[in-house]
Amino acid sequence: MVMTLMPGLAVAEWSVTQGSAPASSYSAETMPEWIYTLQSTDSLASIADSLLQNAGDGHRLLAHNGLPGNTSLKAGQSLRIPIAWLKRQPEPAKVSSVSGNVQHISGADGRKTTLTERSLIRVGDELLLGAGSATLTLADGSEIRVSPNSRLMFNRLTQYGKTGMVDTRLRLHRGEVHSRVKTLQDSGSRFEITTPSAVVAVRGTAFTLQASSNGSSIQVQQGTVDFGRPGKSQRIPAGYGASVSTTGPEQLRIRQLPPAPEIHPVESVVSKLPTELSWHPSAASAHRIDIFETSSGGWVQSRSVTSNQFPLDQLDNGEYEVHVAALDSRGIAGLPSVVPIEVELQAKTPKLISPVNDASVDDDMPEFRWQLNGANEVARIEISQDNSFENLVTTSEWAPENRALPSRALSPGTYFWRVTTEAGGTSFAASEPRKLTINGTLPPVRIININYLDSQVRVFWEQADAAKKYRLQLSEEPGFQNIIKEADVPDTAASLRLIPGRRYFVRVKAVADGPIASRWGPGRELYLD
């Protein structure tokens, strides 16, 4: 199926190859042209350099317009430029949004990558969609939404120098695309989509196109579309659809689409979900609902329902377009009613229940409880060793619950905890912090390395969770009955100055806040020659 946006050039098909097309392939009567109006800063040399494939064709351009070679060009003057003479520059399509797993196949080397919002689609590239979807923006601002289970190839993405004209040609092997094509002001612009069974041509419209092994079909929401087998297309106006079969007779089937449903009033700003969208009953046995992000055009949901209502839920904060269309007996969607909505969910501060502030517990996996005060919220506990919560020790999973356990056991020590709620993906609220002590005994600290340098010894030991500081003891006998030095150290290393020729013994224990017992680690012998 081919979608062509230049019905006015039916007698003058331009070259479908990349790059230039020799002027000799056209006669003066059939050569398609573009009218350029000169600006005050233009000269023959600047026009040739910026617009023409061959910068030396300036005087040839004058001759084409019947002007002598010494003509002085003026602002406001018009020149007829054959389209075949214009520069053709590949212009990549940009990814506005992507959801799910979409494969991007490079036309240059066949390499497969995962499509992302940073991807650029170039000539010869191909998209393979399974359960994912993607929205693309072309050089002229036209938008294409590719549905799941589709295969779309980009045969040409060309921009004509600084003229603003574009030549876009795609091939939909299978699946469905929603297209919003910008109105083409210049007769030289072209937009074309082909399928295995038909041809489509538009100059600025909104339509939906499907392709399968059985044939192709189209539904026109705005403007007009030329649709049909190559050389046998017919003009399809807004409000109508058409189909071509790959196996049946070649006759084009045109039918009027089901009218747009009449939607009951809905709040433009939604602060609580779910909210119900409903419409007047109709003769249609089913309706299709498509939800798109307004800014990116991303496909959020697509559902079919047999009733005349649909609950809007599971939406993050943002602006959306909700499309509701009746389905005909073949399951083809008719004209959609479009409802703009904005979701503004607000997270509210939860009320903490237990443990109480400054509590001491023996359980290293205590249960935390709270009360949610908002709608559509999820919450989690956050546990830190200080009340700034800049470095979290652990959390629970986000869930719409009012109780949770930490994701891992807590070592003995003193902590601060709070509950944070989230709504709509962008709104957060946090409770006041509470202090909690986990009773128990800190594990013994093991010395892991000893370095000797001159008369100094540097001792290193392992870090202990929940330790606020470390206590070091130095003794001249292994039983540590006679302590000659004891000091608190904030880090996991200390330097000692010792008398050479004498034996010493050192040990370390972790110290925590609150009623947390600590045990000494094993002693290590120190000796300086």
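The questions below ask how some labels for this predicted model are reached.

Me: Why is Phe 480 called buried?

Reply: Phe 480 has a relative accessible area of 9%. Buried means under 20%, so Phe 480 is buried. Phe 480 lies in the loop between β40 (469–475) and β41 (483–489).

Me: What makes the phi of Phe 480 worth a remark?

Reply: The phi of Phe 480 is positive, about 55°, although the residue is not a glycine. Most residues other than glycine have a negative phi.

Me: Where is Asn 376, and what is its phi?

Reply: Asn 376 lies in the loop between β30 (368–371) and β31 (377–384). Its phi is near 55°, a positive value in a residue other than glycine.

Me: Why is Asn 376 called partly exposed?

Reply: Its relative accessible area is 32%. Buried means under 20% and exposed means over 50%, with partly exposed in between, so Asn 376 is partly exposed.

Me: Is Asn 149 buried or exposed, and how do you know?

Reply: Asn 149 has a relative accessible area of 53%. Exposed means over 50%, so Asn 149 is exposed. Asn 149 lies in the loop between β10 and β11.

Me: Which residues is Asn 149 in contact with, leaving aside its neighbours within four places in sequence?

Reply: Asn 149 is in contact with Leu 129, Gly 130, Arg 174 and Gly 175. Contact means heavy atoms within 4.5 Å. As for Gly 132, which is 17 residues from Asn 149 along the chain, the C-alpha atoms of the two are separated by 7.7 Å.

Me: How do you know that β38 and β39 pair?

Reply: Strand β38 (residues 447–453) and β39 are joined in the antiparallel sense over six bridges. Two strands pair if there are at least two bridges between them, so β38 and β39 pair. Ile 450 stands opposite Val 459 in β39. The two strands form a hairpin with two residues between them, and Asp 454 in the turn has a positive phi of about 55°.

Me: What makes β39 and β42 a pair?

Reply: Five bridges join β39 to β42 (residues 493–497), and the strands run antiparallel. The requirement is at least two bridges, so β39 and β42 pair. Here Val 459 stands opposite Ala 494 in β42.

Me: What makes a set of residues a nonpolar core, and which members touch the most others in the largest one?

Reply: The largest core has 40 residues, of which Trp 370, Trp 461, Tyr 470, Leu 496, Leu 498 and Leu 526 touch the most other members. Strand β43 (residues 503–511) gives the largest share of this core, four residues. Apart from it lies another core, of 35 residues, among them Ile 121, Leu 138, Phe 154 and Val 244.

Me: Which residues is Leu 498 in contact with, leaving aside its neighbours within four places in sequence?

Reply: Leu 498 is in contact with Ser 455, Val 457, Leu 474, Tyr 504, Leu 526 and Leu 528.

Me: Why is one space called a cavity and another a pocket?

Reply: A 1.4 Å probe fits in a cavity but cannot get out, whereas a pocket is open. A search of the whole structure finds one cavity of 30 Å³ or more, and about 50 Å³ of space lies in the largest cavity. Its lining residues include Glu 91, Leu 138 and Thr 168. By class, that lining has six nonpolar, two polar and two charged residues.

Me: What lines the largest pocket?

Reply: The largest pocket holds about 460 Å³ of space. It is lined by 27 residues, of which His 178, Thr 208, Gln 221, His 323 and Pro 336 lie nearest its centre. By class, the lining has nine nonpolar, 10 polar and eight charged residues.

Methods. Residues numbered from 1 in each chain as written. Predicted model: local features only at pLDDT ≥ 70, side-chain atom pairs only at ≥ 80, totals over all residues. Heavy atoms only, no water. 1 Å grid on protein atoms, 1.4 Å probe; cavity = no way out; pocket = protein on both sides within 12 Å on 5 of 7 lines; lining within 4 Å. Points joined across faces, edges and corners; volume = space filled by probe spheres on them. Nonpolar A, V, L, I, M, F, W, Y, C, P; charged D, E, K, R; others polar. Core = buried A, V, L, I, M, F, W, Y, C linked by side-chain atoms within 4.5 Å. Buried < 20%, exposed > 50% of the residue type's maximum accessible area, 1.4 Å probe, protein only.
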